Amino acid sequence: RGKRVYMQNCSMCHQLEGQGLAGVFPPLAKSDYLSAQKDQVVKIILRGLSGKIKVNGPAYDGVMPPQDTLSDEQI
(Lines give C-alpha, C1' and ligand atoms only; values in the text may rest on other atoms or scores of the structure.)
Protein backbone atom coordinates (compact mmCIF):
# COMPACT_ATOMS: atom_id res chain seq x y z
CA ARG A 1 0.00 0.00 0.00
CA GLY A 2 2.83 2.38 0.81
CA LYS A 3 4.36 1.93 -2.61
CA ARG A 4 1.06 2.79 -4.26
CA VAL A 5 0.72 5.95 -2.15
CA TYR A 6 4.29 6.94 -3.05
CA MET A 7 3.75 6.28 -6.76
CA GLN A 8 0.53 8.34 -6.81
CA ASN A 9 1.76 11.28 -4.75
CA CYS A 10 5.55 11.54 -4.68
CA SER A 11 7.20 9.75 -7.59
CA MET A 12 6.38 12.41 -10.17
CA CYS A 13 8.92 14.73 -8.53
CA HIS A 14 11.11 12.51 -6.39
CA GLN A 15 11.28 9.78 -9.06
CA LEU A 16 10.49 6.07 -8.94
CA GLU A 17 13.24 5.06 -6.52
CA GLY A 18 13.32 8.29 -4.50
CA GLN A 19 16.52 9.42 -6.21
CA GLY A 20 15.15 12.88 -7.02
CA LEU A 21 16.02 14.93 -10.08
CA ALA A 22 19.38 16.68 -9.83
CA GLY A 23 19.06 20.40 -9.27
CA VAL A 24 15.26 20.31 -9.33
CA PHE A 25 13.78 17.82 -6.83
CA PRO A 26 15.87 16.53 -3.93
CA PRO A 27 16.32 12.83 -3.30
CA LEU A 28 14.35 11.13 -0.55
CA ALA A 29 16.34 7.90 -0.64
CA LYS A 30 19.46 8.11 1.56
CA SER A 31 18.69 11.79 2.23
CA ASP A 32 20.94 13.36 4.85
CA TYR A 33 18.42 16.20 5.17
CA LEU A 34 15.56 13.88 6.10
CA SER A 35 17.78 11.82 8.39
CA ALA A 36 18.63 14.98 10.32
CA GLN A 37 14.96 16.11 10.35
CA LYS A 38 13.27 12.87 11.44
CA ASP A 39 10.99 14.71 13.86
CA GLN A 40 9.91 17.08 11.04
CA VAL A 41 9.16 14.63 8.22
CA VAL A 42 5.41 14.39 8.87
CA LYS A 43 5.18 18.19 9.14
CA ILE A 44 6.98 18.54 5.81
CA ILE A 45 4.54 16.12 4.19
CA LEU A 46 1.48 17.85 5.65
CA ARG A 47 2.58 21.49 5.36
CA GLY A 48 4.93 21.35 2.40
CA LEU A 49 8.33 22.99 2.22
CA SER A 50 9.79 25.98 0.43
CA GLY A 51 13.10 27.77 0.42
CA LYS A 52 16.70 26.66 0.17
CA ILE A 53 17.74 23.33 1.60
CA LYS A 54 20.87 21.25 1.11
CA VAL A 55 20.42 17.55 0.47
CA ASN A 56 23.45 15.29 0.17
CA GLY A 57 25.56 18.30 -0.81
CA PRO A 58 23.67 20.17 -3.55
CA ALA A 59 21.28 23.02 -2.73
CA TYR A 60 17.63 22.96 -3.79
CA ASP A 61 15.38 26.00 -3.82
CA GLY A 62 11.91 24.93 -4.78
CA VAL A 63 8.45 24.40 -3.42
CA MET A 64 6.92 21.15 -2.29
CA PRO A 65 3.17 21.62 -1.94
CA PRO A 66 1.42 20.27 1.15
CA GLN A 67 0.23 16.70 0.83
CA ASP A 68 -2.65 17.39 3.19
CA THR A 69 -5.08 15.09 1.40
CA LEU A 70 -3.18 12.03 2.65
CA SER A 71 -4.63 10.18 5.60
CA ASP A 72 -2.63 9.38 8.72
CA GLU A 73 -2.39 5.79 7.52
CA GLN A 74 -1.06 6.85 4.11
CA ILE A 75 1.58 9.08 5.70
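Select Glu73 first. Glu73 is exposed, at 62% relative accessibility (buried means under 20% relative accessible area, exposed over 50%, partly exposed in between, with a 1.4 Å probe and protein chains only). This is a predicted model, in which local features need pLDDT of at least 70 and side-chain atom pairs count only at pLDDT 80 or more, while totals for chains, interfaces and linings use all residues. Residues are numbered from 1 along each chain as its sequence is written, and side-chain values use heavy atoms, with hydrogens and water left out.

How many salt bridges does a search of the whole structure find? The count is 1. Glu73 sits in the segment after S2 and Arg1 in the segment before H1, so the pair ties together parts 72 residues apart in sequence. Helices (H or I, at least four residues) and strands (E, at least two) are DSSP runs, numbered from the N terminus.

Next, go to Ser50 in strand S1. Ser50 counts as exposed because its relative accessibility is 54%. Leaving aside neighbours within four places in sequence, Ser50 is in contact with Gly62 and Val63 (heavy atoms within 4.5 Å).

Turn to the backbone. Most residues other than glycine have a negative phi. Gln15, in the loop between H2 and H3, has a positive phi near 75°. Gln15 is partly exposed, at 22% relative accessibility. Asn56 lies in the loop between S1 and S2. Its phi is also positive, at about 55°. Asn56 is partly exposed, at 39%.

Finish at the largest pocket. Which strand gives the most to the lining? S2 does, with 5 residues. Helix H1 (2–9) and strand S1 (49–54) are among the elements that each supply at least two. Color the lining by type: 24 nonpolar, 9 polar and 1 charged.

How values were computed:
Ala, Val, Leu, Ile, Met, Phe, Trp, Tyr, Cys and Pro count as nonpolar, Asp, Glu, Lys and Arg as charged, and the others, Gly among them, as polar. A salt bridge is a side-chain nitrogen of Lys or Arg within 4 Å of a carboxyl oxygen of Asp or Glu.
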